[in-house]
Amino acid sequence: MAYSEKVIEHYENPKNVGTLDQNDPSVGTGLVGAPACGDVMRLQIKVSDSGVIEDARFKTFGCGSAIASSSLATEWIKGKTVDEAAGIKNSQIAEELSLPPVKIHCSVLAEDAIKSAIEDYRKKRATRGNA
Amino acid sequence: MTLKFPIYMDNHATTPLDPRVLEAMLPYFSEHFGNAASRTHAFGWRAEAAVDDARDTIAQLINAESGKEIVFTSGATESDNLALKGVAEYYQGKGNHIVTTTIEHKAVLDSCKRLEKQGCTVTYVPAGKDGIVDPDDIKKALTDKTILVSIMLANNEVGTIQPIDEIGKITREKGVLLHVDAVQGIGKTPFDVRAMNVDLASLSAHKIYGPKGVGALYVRRSKPRVRLVAQMDGGGHERGNRSGTLNVPSIVGFAKASEILIQEGAAEAEKLRGLRERLWKKFQRELDQVILNGHPEQRLPGNLNVSFAFVEGEGLMMAIKDVAVSSGSACTSSSLEPSYVLRSMGLDEDMAHSSIRFGLGRFNTEEEVDYVGDLVTGKVKKLRDMSPLWEMHQQGIDIKSIQWVAH
């Protein structure tokens, strides 16, 4: 199976690889997938007081398409509000990267990772608000 | 010597044609085009003589008593099908039970599945964690209905060499036929159908630097005489065992490839073992958490199957795209399931996803091995820097302790 140019570009020069401080209250962390399934994504967002995603980082265990999907996801959500980022659909990621049917699950995982990071961030904020 | 790209290290999948084999084949595409079944003229006689010489050479490679015991087929898949289905059908009056293993090639496993639908019962004996099948487990699986044991000489993924010798003693004593899928092993590890009491053996040309599309089934003719029901009807070629006009150029190539192995196989195996160890030592020296899959010694000389923990196999293959290898990762199969061979050996699924098979062959060089060793080491380090699992491992978190949600 041949990879699209965009997958190769993201795979070879991944954007935003790294780790944010999980304990920072402005950071939300999403960890999705399973080692037994061959892909695990961790996506983190750092959100400003005004609700804008200032920074995003990822680390991914998976195939080239999984790595490219996470790299693209971090690129897209940076600068967006949390609400805007929550609206990103896996189909948009799949289309942008021209993923073949057998790799669609990689884009689903990226969407899940964004949602899971946002959820974590919101939970943290809610707890902080109540304190 | 300068390296030529891409580098081929997938010699279990197929091997390049040896130039000496091609040279032997060429006349049979042109001037010697005759049909080996044409008994009435020189064109046919020439083709028939070439095929009979080929039978003798291939018989010699496996120490069969006679070239008459070689049935040519389109390849090992057909040989496996013919052996299992042909024996099951012929001996149905005697019994309907077959014993095989969980790590066989699909040509054997799926033939067994079909036979089960037709009333046979099949016992699938698992291999141990090292990929070796215990002959005692085969012995225990035998019943008074068992007609056939089918086991591979060497596994195509992890390269483990099975104790055919011991299994042959058991089957002979019990009066059960023994079929060996010898595709991955011939010419690389000792295989002697007479010494090992093998009754049927599947062979393939393209795994031994011969052409694709041709294989053979060894069918023992005495002590015991093995009988088959043909699975292909037609002109009654191959003593009625397999109809169809013989693929003479490829059969000549198969024989030439066999002849080269008879002469050079032992020396070649030594060379490959050296290259394999060189690559393995490099990984062991420079990387943590690299696990050898299969048995450390009882394996094909050119086979190195390793799991680079916390790095996914297909992701790694993409990083080394100028090197042809294969992986047990699900992403490389259409089923999205990781290798059934590795799983049935008891390997954790994540380690199966992380496995890479290096298959070294006749034309690989030390320079290539050193290049691939450096490249893979560097890319594994790079991908681990991107792996959340590696980060967890380094923080002392056991990834098995996490509740993962399967997807």
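## A first look at chains A and B

At 62% relative accessibility, B:Gly396 counts as exposed, where exposed means over 50% relative accessible area, buried means under 20%, and partly exposed lies in between (1.4 Å probe, protein chains only). Welcome to a predicted model, in which local features need pLDDT of at least 70, side-chain atom pairs count only at pLDDT 80 or more, and totals for chains, interfaces and linings use all residues. Residues are numbered from 1 along each chain as its sequence is written, chains are lettered from A and ligands numbered from 1 in the order in which they are written, and side-chain values use heavy atoms, with hydrogens and water left out.

**Chain A**

- Chain A contains five helices and three strands; helices (H or I, at least four residues) and strands (E, at least two) are DSSP runs, numbered from the N terminus.
- Reading from the N terminus, the order of elements in chain A is α-β-β-β-α-α-α-α.
- Chain A is as compact as a globular protein of its length, because its radius of gyration of 14 Å is close to the 14 Å that the globule rule gives for 131 residues. That radius is taken over C-alpha atoms, and the globule rule is 2.2 Å times the number of residues to the power 0.38.
- Along the principal axes, the C-alpha atoms of chain A fill a box of roughly 50 × 30 × 20 Å.
- Of the 131 residues in chain A, 52% are buried.

**Chain B**

- Chain B has 12 helices and 13 strands.
- For 407 residues, a compact globule would have a radius of gyration near 22 Å, and the 22 Å of chain B agrees with this.
- The box filled by the C-alpha atoms of chain B is roughly 75 × 55 × 35 Å, taken along the principal axes.
- Buried residues account for 58% of the 407 residues of chain B.

**Surface patches on chain B**

- Patches are made of residues with over 30% relative accessible area and no salt bridge, with like charges joined within 9 Å and nonpolar side chains (Val, Leu, Ile, Met, Phe, Trp, Tyr) within 5 Å. A salt bridge here is a side-chain nitrogen of Lys or Arg within 4 Å of a carboxyl oxygen of Asp or Glu.
- A patch of positive charge on the surface brings together B:Lys68, B:Arg221, B:Arg225, B:Arg227 and B:Arg239. B:Arg225 sits in the loop between β8 (215-219) and α7 (248-286) of chain B, and is exposed at a relative accessible area of 52%.
- Negative charge gathers in a surface patch of B:Asp134, B:Asp136, B:Asp165 and B:Glu166. B:Asp136 belongs to helix α5 of chain B and is partly exposed, at 42% relative accessibility.
- B:Leu17, B:Leu22, B:Leu26 and B:Phe29 make a nonpolar surface patch of about 350 Å². In this group, B:Leu22 lies in helix α1 (residues 19-25) of chain B and is partly exposed, with a relative accessible area of 38%.

- B:Ile138 is in helix α5 (residues 135-141) of chain B and is buried, with a relative accessible area of 0%. From B:Ile138 to B:Arg55 there are 83 residues in sequence and 31 Å in space, C-alpha to C-alpha.
- B:Gly396, the residue that opened this briefing, is in the segment after α12 (388-394) of chain B. B:Gly396 and B:His179 are 48 Å apart in space, C-alpha to C-alpha, and 217 residues apart in sequence.

Key:
Areas by Shrake-Rupley, 256 points an atom, 1.4 Å probe, with all protein chains shown as cover. Lys, Arg positive; Asp, Glu negative; His and termini not counted. Charge placed at Lys NZ, Arg CZ, Asp CG, Glu CD.
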